[in-house]
Amino acid sequence: MDSALRIIHNNPLLSAAAFSPKKVRIFTVNCSSVSLSSEGSSSIGFVERPWKVADARLVLEDGSIWRAKSFGASGTQVGEVVFNTSLTGYQEILTDPSYAGQFVLMTNPHIGNTGVNFDDEESRQCFLAGLVIRSLSISTSNWRCTETLSDYLVARNIMGIYDVDTRAITRRLREDGSLIGVLSTEESKTDEELLEMSQTWEIVGVDLISGVSCKTPYEWVARTDSEWDFNFNGRNKENLHVVAYDFGIKQNILRRLASYGCKITVVPSKWPASETLKMKPDGVLFSNGPGDPSAVPYAVETVKEIIGKIPVFGICMGHQLLGQALGGKTFKMKFGHHGGNHPVRNLQDGSVEISAQNHNYAVDPASLPNGVEVTHINLNDGSCAGLAYSSLKLMSLQYHPEASPGPHDSDPVFAEFIQLMKQEKTQA
């Protein structure tokens with residue numbers, strides 16, 4: 001039976017008239033074999049493929065190997081793989097010092113479409129180990145864009161991979177917890193060598209704060225730009241002096257404090273408490289930062305020497321250091337909190353905030369002494385998200401009230417810190 005008539009016979013929905021033999025065209029394809037040797041390829045004019053092929057590997061400590069395409073820097077890098085659920089703000093995430101030693105996997109599949117710009121930097125450089133994404137945008141379309149994401153990473157020697165199954169990796173991290181991984185574009189390194197690197201590298205118990213902190217004190221003067229400011233309280237009223245310990249501080253924390261009317265002196269992570277007290281500040285901020293709070297006992301001692309003397313506010317790492325300084329314990333979470341959509345309940349007024357978070361460690365509330373109040377809890381897992389101790393004039397949050405990126409639900413906490421300092425000042 002003719003091939004066209006066979007199609008009609010097997011598909012009753014097709015009309016035989018529509019496939020009349022008069023309308024059938026027959027094509028003849030002649031095939032021939034060609035040698036694919038290097039000599040043969042040059043003789044027949046083979047050219048490079050017009051699309052990028054997989055040239056990178058992510059090898060996790062559990063033995064899984066993920067083939068991907070590289071962008072940004074080349075080479076081999078090791079780090080802890082964590083996933084971030086933020087939909088926007090990849091540049092702020094890249095420049096958040098709290099990601100030191102980590103590969104950040106973005107669960108939002110499409111990254112790079114807004115490019116990068118100078119205004120969205122959160123620190124002086126990128127501290128993370130690498131970026132893992134599903135789809136790299138082939139174009140940028142934002143009026144503030146000054147550079148593509150790929151060029152940005154190349155200039156800062158940061159590795160990135162794309163066209164990898166980020167959903168599957170995220171599920172694995174949720175089930176097994178954060179995993180150490182090795183990212184490599186070097187074909188000379190075997191899978192076994194990369195696996196050994198991932199299984200022998202440690203991040204727990206390592207002081208990561210010293211590598212991201214400033215080296216000398218400096219004054220911070222920049223406020224939130226008026227076009228982005230959503231709370232004008234205290235603008236142009238510098239009447240409170242805050243000393244901010246830089247454990248890996250984000251610039252938008254400093255901008256928000258300045259916008260609320262604070263004069264800010266930023267000091268290194270190992271700045272002596274005695275020198276801070278000599279400045280006679282109205283308050284002290286203990287900032288966010290990367291890694292294990294138990295690995296920086298010098299910072300815990302600094303916090304101990306300051307609390308009770310002047311009002312203090314801890315954010316993220318600062319919250320964990322306050323917990324330890326009060327006699328509590330911290331522990332490593334299974335896969336941490338990373339993203340801009342975490343619900344938190346404020347136990348003081350019953351409200352719920354959608355918060356931006358980035359941490360792998362938490363304070364164990366059961367280990368805290370009497371008098372310490374848990375003020376906030378994470379509604380996803382019930383973990384401690386805030387502390388207060390009125391007699392010691394301290395407050396803290398496990399998450400980021402400045403967001404950047406993320407919602408601004410928690411911004412009023414800066415006003416609470418201002419009020420805490422003002423109360424102390426009037427009583428003095």
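Are Arg 144 and Asp 120 buried or exposed? Arg 144 is buried, and Asp 120 is buried too. The legends below describe close-up views of a predicted model.

**View 1. A salt bridge joins Arg 144 and Asp 120.** The closest N and O atoms of Arg 144 and Asp 120 are 2.9 Å apart. Arg 144 sits in the loop between strand 7 and helix 4, while Asp 120 sits in the loop between strand 5 (110-111) and strand 6. The two residues are 24 residues apart, and the pair links distant parts of the chain.

**View 2. Thr 146 lies in the loop between strand 7 (135-136) and helix 4 (149-155).** Thr 146 has a relative accessible area of 62%, so this residue counts as exposed. Leaving aside residues up to four places away in sequence, Thr 146 touches Val 116, Asn 117 and Phe 118. Asn 117 is 29 residues from Thr 146 along the chain, and their C-alpha atoms are separated by 5.3 Å.

View 3. Strand 3 (residues 76-84) and strand 9 (residues 179-184) run antiparallel and are joined by six bridges. Gly 79 has Gly 181 in strand 9 as its bridge partner.

View 4. Thr 166, Ala 168, Ile 169, Thr 170 and Leu 173 are buried in helix 5. Gly 177 follows helix 5 and has a positive phi, near 95°.

**View 5. Lys 332 and Glu 80 form a salt bridge.** Their closest N and O atoms are 2.7 Å apart. Lys 332 belongs to strand 15 and Glu 80 to strand 3, and the pair links parts of the chain that are 252 residues apart. Lys 332 is partly exposed, with a relative accessible area of 31%. Glu 80 has a relative accessibility of 3%, so Glu 80 counts as buried.

**View 6. Strand 13 pairs with strand 11 and with strand 14.** In strand 13 (residues 283-286), Gly 283 and Leu 285 point one way, Val 284 and Phe 286 point the other way, and all are buried. In a regular strand, side chains alternate between the two faces of the sheet. Strand 11 (residues 240-245) pairs with strand 13 in the parallel sense over four bridges, with Ala 244 opposite Leu 285. Strand 14 (residues 312-315) also pairs with strand 13 in the parallel sense, over three bridges, and here Leu 285 stands opposite Phe 313. Together, strand 13, helix 9 (residues 297-306) and strand 14 make a right-handed β-α-β unit.

**View 7. Helix 10 (residues 317-325) is mostly covered.** Nine of its nine residues are buried, among them Met 317, His 319, Leu 321 and Leu 322. Gly 327 follows helix 10, and its phi is positive, near 105°.

**View 8. Lys 393 and Glu 424 form a salt bridge.** The closest N and O atoms of this pair are 3.4 Å apart. Lys 393 lies in the loop between strand 18 (384-389) and strand 19 (394-397), and Glu 424 lies in helix 11 (residues 413-427), so the pair ties together parts that are 31 residues apart in sequence. Lys 393 counts as buried at 15% relative accessibility, whereas Glu 424 counts as partly exposed at 24%.

**View 9. Asn 346 is placed in strand 15 (residues 329-346).** Asn 346 counts as buried because its relative accessibility is 5%, and the cut-off for buried is under 20%. Not counting residues up to four places away in sequence, Asn 346 touches Ser 351, Glu 353, Thr 375 and His 376.

Conventions: Residues numbered from 1 in each chain as written. Predicted model: local features only at pLDDT ≥ 70, side-chain atom pairs only at ≥ 80, totals over all residues. Heavy atoms only, no water. Buried < 20%, exposed > 50% of the residue type's maximum accessible area, 1.4 Å probe, protein only. Pairing = 2+ DSSP bridges. Right-handed = clockwise from strand over helix to strand, strands pointing away. Contact = heavy atoms within 4.5 Å. Salt bridge = Lys/Arg side-chain N within 4 Å of Asp/Glu carboxyl O.
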